[in-house]
Each structure stands twice: as C-alpha cells, then as structure tokens.
Amino acid sequence: MKAAQSLADLGKIPAARCHQLKENWKGHLAVDISGNHRIIFKPDYDPPPEKDNGGLDWSQVTAITIVAIGEDYH
C-alpha cells in the first residue's frame, strides 16, 4: 500500500481485491489480507475526490486513513 502512487495502483493488484464497501461501511474501502480478513480504510480527504459521474476517483486518492485491520465485516 505504501508503495502505491494512488489508490488506482492498488486496484491493479488482483490478489489485494481492493473494493469499495457498502451499507454501514459506505465511504470505506478494503483489501484482502487472508480469508475473510481485510484492511479497511478510507480516503483521507474531505470531501473525497470524485469522477464526473459521482464515483470515487481512485487515481486522485494519494492519502488514506486505516480504520481497521483484520476486520471480518460480513
């Protein structure tokens, strides 16, 4: 994660399975670390950078805040 230039770089690593979360975790993202365990984080921006369609612009996210490690949110 530290070596990534932006969140878009992290999204290119299939094993990390970087994905946006929904419902109670809306606005957060997660990467797999093992089985059902994840690192949960959020963009460190207020407001987060958005694309024209309103979605998160991963290429502009260069700072994050880790919220939980090892969390099984399912």
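## Sheet and core of a predicted model

In this predicted model, Cys18 touches Leu7, Leu10, Gly11, Leu29, Ala30, Val31, Phe41 and Trp58, when residues up to four places away in sequence are not counted. Cys18 also belongs to the largest nonpolar core, which has 11 residues and includes, besides Cys18, Leu7, Leu10, Ala16, Leu29, Val31, Ile39, Phe41, Leu56, Trp58 and Val61. Helix 1, which covers residues 7-11, strand 2, which covers 29-34, and strand 3, which covers 37-43, each supply at least two residues of this core. As background, nonpolar side chains in soluble globular proteins tend to be buried together.

The strands themselves are arranged as an open sheet of 4 strands in the order 1-2-3-4, with antiparallel pairing. Strand 1, at residues 19-20, and strand 4 are the edge strands, each of them pairing on one side only. Within this sheet, strand 2 and strand 3 run antiparallel and are joined by 5 bridges, while strand 3 and strand 4, the latter spanning residues 64-71, pair in the antiparallel sense over 6 bridges.

The table lists residues that stand opposite one another across these pairings.

| Residue | Opposite residue | Strand of the opposite residue |
|---|---|---|
| Leu29 | Phe41 | strand 3 |
| Val31 | Ile39 | strand 3 |
| Phe41 | Ile66 | strand 4 |

How enclosed is strand 3 by the rest of the structure? Because 5 of the 7 residues of strand 3 are buried, this strand is largely enclosed by the rest of the structure. Arg38 has its place in strand 3, and this residue counts as buried because its relative accessibility is 4%, with under 20% being the cut-off for that term.

Terms used: Residues numbered from 1 in each chain as written. Predicted model: local features only at pLDDT ≥ 70, side-chain atom pairs only at ≥ 80, totals over all residues. Heavy atoms only, no water. Core = buried A, V, L, I, M, F, W, Y, C linked by side-chain atoms within 4.5 Å. Buried < 20%, exposed > 50% of the residue type's maximum accessible area, 1.4 Å probe, protein only. Contact = heavy atoms within 4.5 Å. Pairing = 2+ DSSP bridges.
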